[in-house]
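Visitor: I am new to this structure. Could you show me how to read a few of its features?
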Amino acid sequence: MAHDKTKEEVIEYYQSNAQVGLTCEQVVQRQKEYGKNSFIVHKNKSLWTMIKDQISDPMIIILVIGVLLSAILKEYLDAGVILFVIMFNTLIGVIQQFKAEKTMEALRKLSDPKTKVKRDGIIQEIPSEDLVIGDLVLLEAGKYVSCDLRILKCYQLQVDESSLTGESETIEKNDTYVYQPTTMIADRKNIVYASTFVTNGKAEGIVIAIGMQTEVGKIANLIHETKEELTPLQKRFQLLGNWLGMIAVFICILLLSIGIYQKREIMNLLITAISLAVAVIPEGLPTVVTIVLALGVRRMSQMKAIVRKMYAVETLGSIDTICSDKTGTLTQNQMTVVEVACPFSNMGASNHLLEGMCLCNDCYEKEQTIQGNPTEVALIHYGKTFQIDKNYLEQMYPRVFDLPFDSARKRMTVVNKRKNVYEVNMKGALDSVLPFCTKIEKNGIVMPLSDHDCEKIDETAQKMGKQALRVLALARKEMLTFDESQVEEGLIFIGMMGMIDPPKEEVAAAITQAKQAGIQTIMITGDHPSTAFAIAKQLQLLEQENQVITGKELDQITDQQLLKRLEYIKVYARVHPNHKARIVKAYKELGKIVAMTGDGINDAPALKQADVGIAMGMKGTDVCKESSDLILTDDNYGTIIVAIEEGRTIYTNIQKTILYLLSCNIGEIFALVTAVLLLPSYPIPLSAIQILWVNVITDSFPAFALGVEPKENDVMRQPPRDKHSSLFPKHDTYLLVINGLLIGTFTIISFRYGLNYSIEIAHTMAFMTLSFTQLIHAFNFRSLHDSIFKAGIFKNKALTFVVFFSIFFQMLLSKIPFFQPLLDVVSLPVYGWILVFALSLMMIFINEGVKLFSTTEN
């Protein structure tokens, strides 16, 4: 650490020279010792690793065994189709993982490619990556800093550290300060950090850290040390896969045992086992869920929310805690004049106040953008609202003299030639301006400044300070002849302006919506506690000041003590990146589903730690965006609530889709098991290829259509979903089982009826009944509780089209010679079709009866 040492101690410690810098020999030696000023690039997963991750899924392993057994039994068509399903699902999974992390590239962009240094007494410009510890670096306005520096000398140096610390105001640096070792990063005014931006002044400093040892490098390490966790839906899918895998193995062993007891042929038993394994696994499920999520991603992009990680869409619907950065997320990241005070005046902002704040100002306009100190930029913008233009004023009244602002004076004074007089304007902190005043302007009239006036002015300033406003006072006078020694004497007090980085207009309404949806909003910022409290109170996040905790206080409590206080704390102020990640982790340990929003480098580790990381797309840094799951292209906090609403809708639709597909699979299993037990002398009613056709083709399209069901009216009046809740709510599980049994029973009835004519007709009737019952059954899932006639049976046009087209196409299959041997089907007589349709329509009537009975009971 160098912030706790004097300049002389730092120079001696790093064996450098304040006049000539390092020698060439020292540079070569230190490059060997410390390496380049660059970030370590962490390797991404290889393609083979991603493929291995996919095929290690229990459901896929069972299908792989099915391929091997089919090939051994010379059922090559079955083997080929199952293999295609495996490859297709694996491809989808790999594509989702293939987005390589670009965080380190983004970090490298936040330093200028060239840096001015002094080596061997010669000033030269070198590639930033060639900087070494002990180098003497020269800084100037308009440049990014490429390493961590201890300042040796500076002139009016001001640095924007908002992306690193969250501090909304520019920081005035000073080379003379020496701090305690425990001083927070944001309070070390003798240090300049990599990735920050010099807004004003110039400086010389000695390099104290490069690459991964800089503060931003430590953030990079935090990002990569944070392991990405599975989303709630992925965890539920993993659990579902494990259960289905175990069920498949159990049923296959059970049927093989029964078959051996019944003295069936081993070859036929193995074919039956393959069919059962295929029936247990919902092969179309990964594809359906991926496409439903992809459609949700597209809808959200139209709402100005770009999803980087597809499964984050579903997780959004589970969020119950939003940990939000303040600067740039809840606030505009732009200092704004919000209050003007001219005591004893009822005229508001006078021309003298407005013009004086613009003339006593070092901002400049570049490419139609006002640049400079954010506080001074705010004054210029405020002047423009009154048609006062700084450039015009300075052309009319040129500046002839100035005394610049510095940390000792805490004021700035300028002199402009206005016609025949010299106009003096002094701007600064009230306690630095008022002592130079002997008069006061009241409603345009100049009067002597009394003690009562000073008390009134001080009282007004204190009120503004309690609102966490940064207060600047202005005094002025006119001189007939210019005398430098009398410039700051006998001034007239004009008034004050109060500034703050205000909340975005839409944020308050969005926070209210979040509360109604059972979601709490927590503010996390690097800014001062008083500023954070003022903004939080405006947004109704808290009531009491003791609901704010600082980073220093966090360091003094254990994780267990923090967990006990989480429910009460609403604002975390003056925190650094480690704190943010720790806070997010603590909420997750309480069982919360956490979203973290931010726009700065300092937010990146917490974004990675959160269940959903949300970056601001307009003002957010590249590092922040690359660490996120979701990017808001309009930087609108309200878009988060829209995204959460979409996430809840998507989860509900996925839940309907899974219930639908699994009820269909239960029907297939029940049909096969019943046939083996009750019809031991006949072949099984369904082949592996028929089941695959139904699972991949027939079921999948209605499932897609269910996935785009419109949102329910009360979706944002429901509490967030419990992260430990089952994928299948208890009150809906019975639907899963009952419908599965119905599908299986109707399939067996149809098969047994077909046996009266021929085995070919029996197979075809079983296949068609299984397909049609499942297609028509999709209508039942338009609503899990209400009658489909109330929900509108044909309201989902996509579902209506898919069901009727699939029925027509399925009937056509039995007539086409190519498909007849492929799917083991034949053309059915009229009486066969009548039974198939009658049994299939029973799915609607029975489900309507169950729903009616459930409604009556409730």
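Guide: One point first. This is a predicted model.

Visitor: Let us begin with sheets. How do strands come together?

Guide: Strands of a sheet pair through backbone hydrogen bonds, and the pairing is either parallel or antiparallel. Here, eight strands form an open sheet. Their order is S8-S25-S24-S23-S9-S20-S22-S21, and the pairing is mixed.

Visitor: Which are the edge strands of this sheet?

Guide: They are strand S8 (305-307) and strand S21 (548-550). Each of them pairs on one side only.

Visitor: Take S23. Which strand does S9 pair with in the parallel sense, and over how many bridges?

Guide: Strand S9 (residues 321-325) pairs with S23, over four bridges. Thr321 has Val594 as its bridge partner in S23. Ser324 stands opposite Thr597, again in S23. S23 also runs parallel to strand S24 (residues 612-616), joined by four bridges. There, Met596 faces Gly613 of S24.

Visitor: How many residues of S23 are buried?

Guide: Five of its five residues are buried. Look at the two faces in turn. Val594, Met596 and Gly598 sit on one side, and Ala595 and Thr597 on the other. Both faces are covered.

Visitor: Now salt bridges. What is the rule, and what is the count?

Guide: Look for a side-chain nitrogen of Lys or Arg within 4 Å of a carboxyl oxygen of Asp or Glu. By this rule there are 29 salt bridges. One of them joins Asp527 and Lys326, with the closest N and O atoms 3.0 Å apart. Asp527 lies in the loop between strand S20 (520-524) and helix H20 (529-538), and Lys326 in helix H13 (residues 326-330), so the pair ties together parts that are 201 residues apart in sequence.

Visitor: Are Asp527 and Lys326 buried or exposed?

Guide: Both are buried.

Visitor: Which residue does Glu709 meet in a salt bridge?

Guide: Glu709 meets Arg782, at 2.7 Å from N to O. Glu709 is in the loop between helix H28 (700-706) and helix H29 (730-754). Arg782 is in the loop between helix H30 (759-777) and helix H31 (788-791), and the two residues are 73 residues apart. Glu709 and Arg782 are both buried. Salt bridges can also form a network: here one links Glu355, Arg418, Glu423, Arg476 and Glu478.

Visitor: And empty space? How is it found?

Guide: Rolling a probe the size of a water molecule over the atoms shows where empty space is left. This structure holds five cavities of 30 Å³ or more. The largest cavity has about 70 Å³ of space.

Visitor: Which residues line the largest cavity?

Guide: The lining is Cys363, Tyr364, Glu365, Ile370, Ile380, Lys384, Asp389, Lys390 and Asn391. By class, that gives four nonpolar, one polar and four charged residues. Strand S11 (364-366), helix H15 (374-384) and helix H16 (390-396) each supply at least two of the lining residues.

Visitor: Last stop, Leu852. Is Leu852 buried or exposed?

Guide: Leu852 has 60% relative accessibility, so it counts as exposed. The cut-off for exposed is over 50%. Leu852 belongs to helix H34 (residues 830-857).

Conventions
Residues are numbered from 1 along each chain as its sequence is written. This is a predicted model: local features need pLDDT of at least 70, side-chain atom pairs count only at pLDDT 80 or more; totals for chains, interfaces and linings use all residues. Side-chain values use heavy atoms; hydrogens and water are left out. Buried means under 20% relative accessible area, exposed over 50%, partly exposed in between (1.4 Å probe, protein chains only). On a 1 Å grid over the protein atoms alone, a cavity is a set of points where a 1.4 Å probe fits but cannot get out, and a pocket is an open set with protein on both sides within 12 Å along at least five of seven lines; lining residues have an atom within 4 Å of a point. Grid points are joined across faces, edges and corners, and a volume is the space filled by probe spheres set on the points. Ala, Val, Leu, Ile, Met, Phe, Trp, Tyr, Cys and Pro count as nonpolar, Asp, Glu, Lys and Arg as charged, and the others, Gly among them, as polar. Two strands pair if DSSP finds at least two bridges between them.
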